[in-house]
Amino acid sequence: MRELIEYIANWVVDDPEAVRVEERQRNDRVVIHLEAGPQDMGRLIGREGRTANAMRTLLKVAANMRDRTASLEIR
């Protein structure tokens with residue numbers, strides 16, 4: 001699931017070198033932390049949060065296929 005978010009984020013941002021993705025286990029949930037350069041945060045979030053919501057939806061589908069729950073936090 002980490003790889004999915006990293007792949008999408010690298011295509012969205014202008015500076016893929018600044019993208020950092022961490023996967024952490026929190027109780028029974030997987031939490032993906034996504035960071036990027038300050039100039040790319042607007043691109044990751046998108047207008048009215050559409051890009052961020054699309055990434056969260058894809059992450060939930062991927063987690064559901066593995067019988068898990070997951071969430072995405074953009075810092």
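Q: Where does Asp-67 lie?
A: Asp-67 lies in the loop between α3 and β3, where helices (H or I, at least four residues) and strands (E, at least two) are DSSP runs numbered from the N terminus. This is a predicted model, in which local features need pLDDT of at least 70 and side-chain atom pairs count only at pLDDT 80 or more, while totals for chains, interfaces and linings use all residues. Residues are numbered from 1 along each chain as its sequence is written, and side-chain values use heavy atoms, with hydrogens and water left out.

Q: And what is the phi of Asp-67 near?
A: The phi of Asp-67 is near 55°, a positive value in a residue other than glycine. Most residues other than glycine have a negative phi.

Q: Is Asp-67 buried or exposed?
A: Asp-67 is exposed, with a relative accessible area of 73%; buried means under 20% relative accessible area, exposed over 50% and partly exposed in between, using a 1.4 Å probe and protein chains only.

Q: What about Glu-48, where is that?
A: Glu-48 lies in the loop between α2 and α3, and although Glu-48 is not a glycine, its phi is positive at about 55°. With 74% relative accessibility, Glu-48 counts as exposed.

Q: OK, on to α3: which residues of that helix are buried?
A: In α3, the buried residues are Ala-52, Met-55, Leu-59, Ala-62 and Ala-63. They cover an arc of only 95° around the axis, so they sit on the same side of α3; the arc is that of the directions from the helix axis to the C-beta atoms.

Q: And which residues are exposed on the other side of α3?
A: On that other side, Arg-50, Lys-60, Asn-64 and Met-65 are exposed.

Q: What do the buried residues of α3 pack against?
A: They pack against α1 (2-12), β2 (29-35), α2 (41-45) and β3 (69-74), with contact meaning heavy atoms within 4.5 Å.

Q: How many residues has the largest nonpolar core?
A: That core has 19 residues, and those with the most contacts inside it are Leu-34 and Leu-44. A nonpolar core is a set of buried Ala, Val, Leu, Ile, Met, Phe, Trp, Tyr and Cys residues joined through side-chain atoms within 4.5 Å.

Q: Which element gives the largest share of this core?
A: The largest share, four residues, comes from α3.

Q: What is Leu-44 in contact with?
A: Leaving aside neighbours within four places in sequence, Leu-44 is in contact with Ala-9, Val-12, Val-13, Leu-34, Ala-36, Thr-51, Ala-52 and Met-55.
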